[in-house]
Amino acid sequence: MKNEIQTLLGRPRRYNNIDGSCDMMFGVMVLGYTLLGYLEAVLPENSVWRRGFGGMLLFLAVLVPMFGLMYWIPKVIKKRVTWPRTGYVVLHTDGAFPSGPARKSLWAIMGVTAVIAAGLAVLVGLDRGHDWISLMWMGNVVVFVAGYGYWTWFLERGRLWRWVVLLLMVLGVLAIGLISPGNFVGMRWVMLLFVGLAWLGSGVASLCLYIRHNHLPAPEAE
Amino acid sequence: MNDQLRAISELDRVIHEPGRLMIFVLLGAVKECDFLYLLHETEMNKGNLSSHLSRLEEAGYVEIEKTYRGKVPQTILRLTRAGRGAFDRYLKGLKAAF
């Protein structure tokens, strides 16, 4: 009885990502951070875009569109696709962004990232000879793949194809790392790009499946 | 009458009906939703769902708001404070009974 009620209570939570909008949001986030990290890594040490006002402009030029897309993609999908098909729902965390399970996953990812960053900050302080920043981005690859795994387990564990995507994500990251032997960390940008695109693609696949299985109801639905 | 039997006899019959219990559980998990969402999730027919919602509205457990989304009529539903209290009491009663 308790389990059945808990399953029912969890339905609105799962409904949040029924159209893949949360996956797309996370995919955009990964791609945004990847672009920012890549630009910072490839720009020359004395570039105006790495210091002061220029650095801040570059930061904003990537993060503002990223957060804009993270906000607008779910909003547009819900309004134009999901609500007319299977109904409108506002979870209890109304007004906060992101809401419901997306927020929990985001906090989990941010928490793990913060722990990795703090650990690396300590290591950088102890030993300046190593390229800890590159290792930090490698840590991000792990965090994002783990984030997709957590998200799948948390909300969509019944969907086999998502576990296949997770497996492909892991194998893809390993394969990319092995393309240039001995330079696993050097391929971090390609790995992050792959993870971001896979996450985004997973959201698009969810949206396509959702549209395919849920048609617009007749106008006199109520 | 022992305590367990008393707890069963004191369960709120408005909530206890399976269809309405399903509505309560779904509404309890959200801030608000529309009729279409409940129709989709409960898989009831429109008449059945409407009659259950009317019963819950009469009991003061559910608030029903008729509005429009663009030009399309929309019925927004949410549990009232009394509804949430009644649901909490119902769940406690159920635990006490079993």
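Which hand does the crossing of α3(A) and α8(A) have? The crossing is left-handed. A crossing has this hand if the near helix is turned anticlockwise from the far one by less than a right angle, and is right-handed if clockwise.

The model is predicted: local features need pLDDT of at least 70, side-chain atom pairs count only at pLDDT 80 or more, and totals for chains, interfaces and linings use all residues. Residues are numbered from 1 along each chain as its sequence is written, chains are lettered from A and ligands numbered from 1 in the order in which they are written, and side-chain values use heavy atoms, with hydrogens and water left out.

Chain A holds eight helices and one strand. Helices (H or I, at least four residues) and strands (E, at least two) are DSSP runs, numbered from the N terminus. Their order from the N terminus is α-α-α-α-β-α-α-α-α. Chain A has 222 residues, and 43% of them count as buried. Buried means under 20% relative accessible area, exposed over 50%, and partly exposed in between (1.4 Å probe, protein chains only). Chain A exposes about 12000 Å². Carbon and sulfur atoms supply 71% of that area. Accessible areas come from the Shrake-Rupley method with a 1.4 Å probe; for residues, only the protein chains shown count as cover. Among contacts (heavy atoms within 4.5 Å) between residues at least 6 apart in the sequence of chain A, 73% join residues at least 24 apart.

Helix α3 of chain A spans residues 21-42, and helix α8 of chain A spans residues 188-213. They pack at an angle of about 160°, with their axes 8 Å apart. Axes are lines fitted to C-alpha atoms, for helices over the stretch in contact, and angles run from 0 to 180 degrees between N-to-C directions. α3(A) and α8(A) are therefore roughly antiparallel. Angles under 35 degrees count as roughly parallel, over 145 as roughly antiparallel, 65 to 115 as roughly perpendicular and the rest as oblique. The contact of α3(A) with α8(A) has 16 nonpolar, seven polar and one charged residues. Ala, Val, Leu, Ile, Met, Phe, Trp, Tyr, Cys and Pro count as nonpolar, Asp, Glu, Lys and Arg as charged, and the others, Gly among them, as polar.

α3(A) also packs with helix α4 (residues 52-86) of chain A. The angle is about 170°, and the axes are 9 Å apart. α3(A) and α4(A) are therefore roughly antiparallel. Among the residues in contact are Met25(A) and Leu36(A) of α3(A), and Phe59(A) and Lys78(A) of α4(A).
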